[in-house]
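Trainee: I would like to learn how to read a strand and its surroundings in a model such as this one. Could we go through it step by step?

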Amino acid sequence: MDGQDTGLPGGVDVTVASVARMHDYYLGGKDNYPADREACAHLLTRAPSTAVLARNNRRFLRRVVRLLAEEQGIRQFLDHGSGLPAQDNVHQVARRVHPDARVVYVDHDPMVAAYGRVLLEEDDRTAVVRADLRDTAAVLGHPRVAGLLDLREPVAALFVSVLHCVPDEDDPWAVVRRVAGRLAPGSCLVVCQLVSDDPATRDSVTGFMREATRGGWGRVRARHDVDRYFDGLEVLPPGVVEVAQWRPDSEVHPRQPGRELLEYGGVGRVPDGR
């Protein structure tokens with residue numbers, strides 16, 4: 001069943017689980033289908049923390065955007081793998097600090113791109129681009145990106161809970177390096193992804209998600225794999241950590257039922273004078 005059968009955008013197959021729609025379901029959204037909900041239920045049997053991780057990760061996104069706007073003065077945001085719209089999207093958070101903030105959302109999922117254009121393109125300072133984040137030249141060279149963001153000024157490039165969708169053979173570390181290499185000093189890269197300290201859990205969740213999404217998945221990685229994303233960057237305090245522990249507003253946040261999976265990451269700043 002594709003978009004022509006359902007009234008959805010072309011290329012959308014609702015019989016195959018989508019990472020974006022699974023995340024939407026965990027956040028209590030309505031833009032998901034039986035295949036997504038079934039995959040979520042099965043994943044919870046392997047990794048009971050998954051739903052809580054999704055909520056804590058959303059809190060991290062809101063927190064990091066606000067703090068980058070407040071403390072680093074950043075007014076431009078490029079959100080790779082943005083997913084379906086939810087409460088407090090990046091441009092809404094950033095504009096509470098800087099009303100003139102400019103934001104581009106990037107995702108390769110046709111449903112995300114279509115829904116995003118309807119719900120997120122509120123004005124001429126917000127855009128939604130359908131592109132593959134692995135193709136840095138295509139993303140940064142897209143007319144909407146080039147027309148909205150000034151790469152001579154600091155930009156916050158977000159890779160929030162998306163790089164576990166990129167297989168090793170596509171070198172997600174090189175993706176982050178390429179983006180960092182195109183940004184002005186003072187820019188920041190926000191990177192986090194799913195990790196596990198248990199090799200069996202990494203293999204189990206990776207195998208299931210690759211099957212459920214028919215290849216729309218990369219790998220649950222180890223913490224040291226995520227540390228590599230920050231090579232050559234100035235890591236902002238408190239370092240690379242579980243995201244619920246990154247500059248928390250309070251100690252009150254949903255507690256994971258287990259520690260089999262973690263969302264792990266941080267913020268790296270492009271150094272001056274490189």
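Trainee: How many of the residues of β4 are buried?

Mentor: Keeping in mind that this is a predicted model, 5 of the 5 residues of β4 are buried, so this strand is largely enclosed by the rest of the structure.

Trainee: Which residues of β4 lie on one side, and which on the other?

Mentor: In a regular strand the side chains alternate between the two faces of the sheet. Here Ala156, Leu158 and Val160 are on one side of β4, Ala157 and Phe159 are on the other, and both faces are covered.

Trainee: In which sense does β4 pair with β5?

Mentor: β4 and β5 pair in the parallel sense over 5 bridges, with valine 160 standing opposite cysteine 192 in β5. β1 and β4 also pair in the parallel sense, over 3 bridges, and there aspartate 79 stands opposite leucine 158. Together with α9, the strands β4 and β5 make a right-handed β-α-β unit.

Trainee: Which residues have the most contacts inside the largest nonpolar core?

Mentor: That core has 35 residues, and those with the most contacts inside it include Phe159, Leu163 and Leu189. Elements that each supply at least two of its residues include β4, α9 and β5, and the largest share, 5 residues, comes from α9. Apart from this core lies another, of 28 residues, with Val90 and Ala94 among them.

Trainee: Which residues of helix α5 are buried?

Mentor: Val90, His91, Val93, Ala94 and Arg95 are buried in α5, and the buried residues of this helix pack against several elements, including α4, β1 and β4.

Note on methods
Residues are numbered from 1 along each chain as its sequence is written. This is a predicted model: local features need pLDDT of at least 70, side-chain atom pairs count only at pLDDT 80 or more; totals for chains, interfaces and linings use all residues. Side-chain values use heavy atoms; hydrogens and water are left out. Buried means under 20% relative accessible area, exposed over 50%, partly exposed in between (1.4 Å probe, protein chains only). Helices (H or I, at least four residues) and strands (E, at least two) are DSSP runs, numbered from the N terminus. Contact means heavy atoms within 4.5 Å. A nonpolar core is a set of buried Ala, Val, Leu, Ile, Met, Phe, Trp, Tyr and Cys residues joined through side-chain atoms within 4.5 Å. Two strands pair if DSSP finds at least two bridges between them. A crossover is right-handed if, with the strands pointing away from the viewer, the path from the first strand over the helix to the second runs clockwise.
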